[in-house]
Amino acid sequence: MNIRHLWQKRKSIIVTWLVSYSTVLFIPIIVSLIIYRQSGDTLKSEIHRANDYLLKQVRYTVDNQIDLMKRLNMEITWNSRLQTLMYSSSYSNDAQYTAYLLSKEMQLYQTSYASVDEFYVTWSREEAVIRPGNIRDMKTAFQTIHEGGPLTYEGWKELLRYTPGNRFLLLPRTDSSNTRNTIAYMTHLAKDLSGREAGTVVVMADASRFQQAIEGISGFSGGQVLVLDQDNRVLLSNLPLSADEDDILKLLKDKDELLEPTRHGDLELMFIRSAVSDLKYALIIPSNLYWKKAEYARRFTYISISISAIGGVLLTWFFLRRNYSPIQAMVRSLTEKGAGGGEREGNELHFIQQAIWNARNEKEKLAVEMQAHHHILRTNMLTRLLKGKPDILVPYEEAFKTFQIRLVSDEFAVMLFVIENSESLSSKLPGVNETERRRLIQFIITNVVEELVGQHGHAGYMSEVDDMMVCLVNLDKQGGGAWKDGLRQIAAEAQQFLRRFQMDLTVSIGGAHASLSGIAEAYQEALDAMEYKMVLGKQEIIVYGDIKREPGSAPESGYYYPLQAEQQLIHTIKLGQARQAAELMNETLERSLNRPHVSVTLARCLIFDLAGTMVKAIHEIGDKDGGMLADNPLWMENLTACDTVSEMRRELLTLLEEVCRYAAAKKEAHQSRERQEMLQELVGNVSGHIRNCYSDPNLNVNAIGENFGLKGSYLSKLFKEQTGEGLLDFIHSVRIEAAKAMITGEQDAVADIARRVGYLDAASFIRVFKKYEGITPGKYRELNERGMM
């Protein structure tokens with residue numbers, strides 16, 4: 001590779017790489033310099049933190065011992081015997097005995113505070129010293145405890161008299177072998193009632209106990225630890241005092257606490273206060289210790305910088321040669337094939353990127369065109385399959401491979417999806433034309449349904465047929481009737497998910513059929529099930545297997561709407577009783593539409609029969625000029641415009657309410673309220689009497705009239721005016737209802753039931769039953785047992 005020639009190309013990638021590698025080369029050097037700069041501060045900070053920790057450890061250890069001394073001092077000071085001895089005016093013998101008891105009690109303190117080496121109480125009134133287990137005069141006590149050190153007897157007495165209370169000081173302590181320094185805590189007792197000094201409590205601990213705690217820090221940091229009293233006098237030190245002692249003590253006196261090290265000449269100084277006393281703990285470290293420990297980091301930094309510079313130069317040269325060779329070969333190859341798309345601009349990478357973009361754009365254009373043709377062809381093939389018009393020119397096995405249709409079994413089912421709110425979706429997508437909106441909706445439904453079908457182990461393929469979205473489902477090999485529950489669950493999940501896009505769907509599912517020839521039959525079953533939307537309503541999941549009539553089942557025998565029910569509804573409307581009329585109409589609809597396998601045709605006939613009943617009622621009310629119907633010319637148009645039975649039902653009930661209001665108004669115009677109330681009460685009493693005595697064969701119109709003091713014919717006329725039903729017809733209807741209950745719940749013979757409901761012979765009963773119910777009692781029992789009533 002001719003490097004000089006490449007360097008002459010200022011836009012070449014090798015120039016960019018050389019600059020980049022050189023920049024990267026300086027990064028470790030700069031980082032090493034930063035590390036060198038920070039390492040000294042870091043080491044210094046770590047040493048400060050370690051020394052602070054050691055100083056706090058010294059404080060913790062010494063404070064524990066000091067706290068024991070102060071607690072012992074307090075217990076002795078507030079001892080009840082000591083208080084009695086110092087402040088009572090008892091006789092000398094009594095006082096001596098109290099002092100003796102106090103010395104014995106102090107032996108218990110000696111056991112409890114084993115780390116306290118000596119303690120005593122001076123008794124100023126008797127010039128004596130009370131120790132654990134004995135009482136001595138002042139001279140003897142001094143010789144026993146303190147003699148042998150630099151302290152004289154007179155000096156000791158001066159300390160006891162003039163040293164302020166609650167102070168720490170150094171006192172010598174003599175035992176059988178030698179004299180040791182101790183740290184003593186001295187507290188003066190309060191003066192007695194005469195104003196004289198009562199005495200002093202002195203608690204001592206060997207300085208060696210404290211010395212052990214502070215000597216370890218010298219070996220770790222080379223520093224000096226000082227323990228100072230409240231007057232900044234040195235009580236303890238782990239090293240001999242330096243020449244700068246006065247300056248250091250003056251600096252400590254001027255500051256309350258010094259947690260961060262302070263430079264003083266060649267020394268670093270820090271101190272903290274005791275947590276339980278007025279003592280101070282100071283640490284003095286030579287400054288040269290910091291730089292001595294940082295020297296290693298400095299040498300390591302210089303070495304790392306040198307290695308980084310030499311290694312970086314070598315690696316830069318190596319990688320420049322290695323990485324540029326394949327790029328140069330690729331550029332040469334693309335240039336020869338003309339893939340660059342014209343004159344080259346920028347560096348080699350830009351040229352390669354432009355070539356890749358051009359190739360990708362061409363590929364994407366081809367893919368879009370192929371996808372459009374692929375979708376149209378696949379939709380056409382699926383449509384022919386669904387409609388039973390197979391294409392004989394191309395075998396379906398090859399077509400399935402071409403359109404990436406994978407079959408998991410030889411069982412097929414069909415699902416239909418109808419959007420019920422397509423008009424409202426248009427208003428929710430402003431600025432989108434009809435074609436784009438339709439494609440968007442198809443795209444969403446297709447992806448959702450095919451994904452859900454795949455999650456349940458089947459294979460689903462969507463297509464649009466006759467303005468409906470159709471999914472051809474290739475069922476898995478689970479067998480049995482589980483596929484039906486699976487497709488029902490898929491439909492429910494699709495409805496729930498697509499509601500997020502404000503789509504309301506009605507779904508129908510055809511039966512399962514084997515082989516490709518059964519697809520057309522499955523599609524037809526799905527269409528039949530979708531037509532049943534008229535009965536079940538919109539946004540439902542309709543399965544063909546749930547609505548089809550099994551082979552051998554009884555044919556449809558019509559719907560339930562006997563003459564007696566129509567007459568009762570007409571009479572209720574004529575009375576203007578909207579609530580009762582609505583109940584009768586709902587009862588008729590429920591009994592007919594809730595029966596299994598009710599067809600759409602019969603449902604429509606029943607709806608129009610009920611509408612005709614309302615028209616009859618209007619004419620019987622007396623609307624001869626047709627004013628009621630003339631004022632509402634769109635009644636039937638609104639009814640026929642409904643898509644489902646539930647919508648027709650709501651429209652019927654709305655019309656019924658208007659007709660009842662009209663009838664009530666007409667009735668109000670012909671009858672006074674008072675007479676109406678009386679007649680209604682009479683009718684209620686007559687109805688109750690009939691319901692109570694319907695089993696009496698002698699119950700007739702005349703008998704009822706005699707019971708209420710009226711002629712039978714007149715009473716029957718009044719009853720019919722109020723209820724729309726003749727008295728004899730009402731007697732028969734009550735008896736027939738009772739007989740129907742007995743037929744349903746019991747297995748008695750028809751003749752027995754006839755006698756129990758008030759008929760003398762079975763023939764009369766059968767004749768009346770057929771007149772009101774349209775069938776004989778035996779047929780009624782048979783239909784009831786088959787669940788068709």
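These legends accompany close-up views of a predicted model.

**View 1. Confidence across the predicted protein.** The mean pLDDT of the protein is 77. A score of at least 70 is reached by 78% of the residues. Confidence is lowest in helix H1, residues 3-8, where the mean is 50. Strand E1, residues 118-123, has the highest confidence, at 91.

**View 2. A nonpolar surface patch that includes Ile 35.** Four residues make this patch: Val 24, Ile 27, Val 31 and Ile 35. The patch covers about 340 Å². Ile 35 sits in helix H2, which spans residues 13-77. The relative accessible area of Ile 35 is 49%. Ile 35 therefore counts as partly exposed, since exposed residues need over 50%.

**View 3. Thr 182 and its contact with Leu 171.** Thr 182 belongs to strand E5, residues 179-188. Its relative accessible area is 0%, so Thr 182 is buried. A polar atom of the Thr 182 side chain lies 2.6 Å from the backbone oxygen of Leu 171. The contact falls inside the 3.5 Å limit for a polar contact.

**View 4. Glu 127, a positive phi in a loop.** Glu 127 lies in the loop between E1 and strand E2, the latter covering 128-131. Phi of Glu 127 is near 55°. That value is positive, and the residue is not glycine. Glu 127 is partly exposed, because its relative accessible area is 44%.

**View 5. Asn 166, a positive phi between helix H6 and strand E4.** The loop that holds Asn 166 runs between helix H6 (153-162) and strand E4 (167-174). Asn 166 has a phi near 55°. Here too the value is positive in a residue other than glycine. With 44% relative accessibility, Asn 166 is classed as partly exposed.

View 6. A disulfide is a covalent bond between the sulfur atoms of two cysteines. The search of the whole structure finds zero of them. Cys 660 has a relative accessible area of 1%. That value is under 20%, so Cys 660 is buried. Cys 693 is partly exposed, with a relative accessible area of 26%.

Technical notes: Residues are numbered from 1 along each chain as its sequence is written. This is a predicted model: local features need pLDDT of at least 70, side-chain atom pairs count only at pLDDT 80 or more; totals for chains, interfaces and linings use all residues. Side-chain values use heavy atoms; hydrogens and water are left out. Patches are made of residues with over 30% relative accessible area and no salt bridge: like charges are joined within 9 Å, nonpolar side chains (Val, Leu, Ile, Met, Phe, Trp, Tyr) within 5 Å. Accessible areas come from the Shrake-Rupley method with a 1.4 Å probe; for residues, only the protein chains shown count as cover. A salt bridge is a side-chain nitrogen of Lys or Arg within 4 Å of a carboxyl oxygen of Asp or Glu. Helices (H or I, at least four residues) and strands (E, at least two) are DSSP runs, numbered from the N terminus. Buried means under 20% relative accessible area, exposed over 50%, partly exposed in between (1.4 Å probe, protein chains only). pLDDT is the predictor's confidence in each residue, from 0 to 100. A disulfide is a pair of cysteine sulfur atoms within 2.5 Å. A polar contact is a pair of N or O atoms within 3.5 Å; within protein, one must be able to donate a hydrogen and the other to accept it, and residues adjacent in sequence count only if both atoms are side-chain atoms.
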